[in-house]
Amino acid sequence: MDLLKRCLVIALIAAPAWAGPKSAVLIDRSGSMKPYYRDEVVRQLSDTLLEALRAQGEDVAVYAFSEQAQRAKALEDIEQLPFGGSTMLDKALDRAVQDGADVVWMITDNIQDPPGSTEAGDTEQFYKKLRSDAIEKVTIFPLRQPAGRPGLVIYELLKKGGDSDLYERELAGFHSRAAGILRTDALRMKPLDRDTVGISWVRANVNPRTSLITYDTGKPVREIIEVKFKSKFDHIEITDSSIDVVKREASFGKDSLVYPEKQNIDISPRTVERLGPGDETEQVYKIDVDLGKLKLRNDLVSLWNAAWVRSSEDATLQLSFVIQVPQKNFRLRPKFLQEFHAGTVQEAKDTGKVYALDKLPSLMSEAVTAVQVTTPVVFRVRYPSYPTFIWLAIFALAVLMIVGLIVGVKRGVGVVTRKSWDVEARTRAGVSLDGSVDKNGNVLVQRDNIGRVEHDDFVPAAGARIVQPPGAQVRLRDGLEVTVEVSRRLVVLRFKAKRSAAPPTTSSAAVPPRRR
Amino acid sequence: MPAQQGVKDAKPLIIAVFTVFCLANIFLLVISLLIAFKNSKFQPIPEDVGLGIRMLIFLVGAGLSWALGRWLYMRMVEGQIKVPEAATAALVLVFYLLLTFAGLAFLGGFSWIWQTVFLVVLVLMTLLALSRVIGMRFAVFVLVICLLAGVTLFILLS
């Protein structure tokens with residue numbers, strides 16, 4: 001069991017090392033390719049291509065294919081192989097993908113029929129595969145030849161989930177190396193529906209980077225944006241296609257603190273009459289964006305951030321349109337066709353151009369291709385001021401409550417720990433006087449206020465003076481006698497502690513004291 | 001004699017505080033004028049900072065202004081300056097301080113309008129009330145110096 005586990009681990013570790021190269025070059029070895037081998041066109045072409053690919057630091061697998069694909073070490077090995085009866089592009093592609101290639105290059109004359117046939121081969125199966133989800137990207141290099149033999153075609157294909165960066169690097173590498181050596185140009189044929197048409201801004205208060213005006217929450221937002229569509233195709237033009245608006249949820253995205261009341265977006269006119277490769281439409285389109293009122297999200301985090309973090313945000317809205325392009329309305333631009341396209345096999349042979357290149361757009365597209373056009377637009381939105389005032393009010397309330405709590409606790413503690421005092425008063429001669437401590441701590445003798453009890457201290461009132469014990473005030477204890485001089489007569493006060501927290505009540509307390 | 005000494009002690013302090021905060025207000029006014037008319041990007045506080053932070057700056061500033069104003073008032077009273085004059089002068093200084101903190105907290109493209117209005121009112125209050133404590137000559141001198149500094153700063157930065 002242990003041995004089995006070890007074997008499994010070793011196999012898993014070693015698996016990547018055993019995996020085949022990520023790039024493969026498939027060279028057509030069918031009978032129709034004979035003249036190209038004879039004149040060393042294939043050698044020159046494959047050398048250029050392999051140099052470009054190996055310059056990317058990747059190992060490259062080389063195959064020869066006709067009815068079936070066969071791995072070869074070098075071009076010399078391929079040249080030793082007998083010519084095949086027909087060209088099976090789709091089967092060759094399958095083989096390379098099965099061997100683990102992400103990026104597949106194919107050099108072919110694009111004729112699938114047996115050699116000698118004057119009719120074009122049925123490459124429909126191959127193109128069906130190229131259209132399918134199994135293949136993510138397709139670029140075609142038509143290769144003009146000297147008069148006397150038809151042009152060749154080089155395909156660069158990326159399988160689904162393959163290394164897209166490697167694909168782009170190899171494409172750029174070959175394109176730059178081939179320029180000046182080969183008469184060719186890159187024709188990106190897949191994807192046709194993504195990253196192929198963009199938006200050019202004519203007049204707008206908002207654009208993908210910033211917003212020229214600041215919008216307030218609580219106020220309706222309606223913008224008319226004038227745009228043109230801009231093609232990113234190099235050689236393909238679009239004609240007579242309708243535009244649809246993609247309905248989206250009314251939202252600026254989950255990171256935004258604001259949201260629109262609605263998201264009504266319309267565009268007019270609704271057709272693209274002509275969009276040349278790399279061009280902008282002549283027509284200016286008006287996009288009507290009606291967002292209703294902008295609202296602040298009513299959660300604590302949003303209220304906090306709107307008050308304390310930022311006063312505004314750049315809220316991004318995604319505008320999405322779909323240009324529905326019927327198959328027949330994808331066209332290669334005339335200049336490209338003039339350079340590389342031959343209408344018949346004979347013409348291809350006579351001119352060195354590639355036969356039926358104009359069919360590529362229809363072969364590579366669906367009945368209707370939905371070209372996605374998506375662009376962000378930034379709305380600078382100012383947050384309302386009410387969250388700030390809410391938080392300030394909350395803080396003020398909290399501070400008041402804390403202060404109230406502290407004062408309350410302090411008083412409570414004072415009441416609990418402080419003794420209540422009662423007092424007996426008499427003259428020096430021993431004549432008893434009416435004495436009491438009222439609920440406010442005033443020490444009353446014969447209704448005269450002669451002092452007060454503050455925090456267990458006796459403090460004489462104005463006009464009164466402590467005679468015994470000497471001092472400005474006296475710390476009280478149970479049974480302490482204090483002699484006070486009031487109006488030139490001496491009064492002896494005897495303080496008695498009461499342990500009850502309740503304020504002292506005496507009959508005299510109800511009588512208002514006479515202030516000295 | 002000690003009372004006379006006290007009067008002499010309070011005046012320089014009042015003049016110093018008045019000069020510093022008058023200059024600060026002029027400086028903030030120049031910045032807001034530059035933002036409004038010269039498209040300046042200089043902002044002492046980032047433009048999109050939360051209103052709460054601005055309010056906090058203003059409220060803390062208001063507290064500091066009150067404390068400083070009260071302290072100055074006590075110095076003036078201790079310096080044998082008459083209570084009504086000391087109170088009015090302290091109030092004028094408090095408003096200078098308040099305007100400084102308000103200018104700092106709410107500086108923007110349109111703040112030059114209210115800053116100018118309040119500053120004009122404060123200048124009038126300085127000439128009518130503060131000058132009784134620090135003297136008309138000192139008051140006018142400081143105001144002229146501050147205004148000249150503001151004009152120079154505006155020319156240099158625009």
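Student: Let's start with Asn39(B): in which loop is it found?

Tutor: Keep in mind that this is a predicted model, where local features need pLDDT of at least 70, side-chain atom pairs count only at pLDDT 80 or more, and totals for chains, interfaces and linings use all residues. Residues are numbered from 1 along each chain as its sequence is written, while chains are lettered from A and ligands numbered from 1 in the order in which they are written. Helices (H or I, at least four residues) and strands (E, at least two) are DSSP runs, numbered from the N terminus. On that numbering, Asn39(B) is in the loop between helix H1 (2–37) and helix H2 (51–78) of chain B.

Student: Is Asn39(B) buried or exposed?

Tutor: A residue is buried if 20 or more other C-beta atoms, placed from the backbone, lie within 10 Å of its own, exposed if 12 or fewer, and partly exposed in between. Asn39(B) has 9 other C-beta atoms within 10 Å, so it counts as exposed.

Student: And what is the phi of Asn39(B) near?

Tutor: Asn39(B) isn't a glycine, yet its phi is positive. The value is near 55°.

Student: How many helices does chain B have?

Tutor: From the N terminus on, its elements run α-α-α-α-α. There are zero strands, and the helix count is five.

Student: Which helix gives the largest share of the side of chain A that touches chain B?

Tutor: Two residues are in contact if their C-beta atoms, placed from the backbone, lie within 7 Å. Ten residues of chain A are in contact with seven of chain B. Helix H8 (300–308) and helix H12 (386–417) of chain A each supply at least two residues of that side. The largest share, three residues, comes from H12(A).

Student: Which residue does a cis peptide bond join to Ser268(A)?

Tutor: Check the loop between strand S13 (264–268) and strand S14 (271–275) of chain A, which holds Pro269(A). Omega is about -5° for the cis bond from Ser268(A) to Pro269(A).
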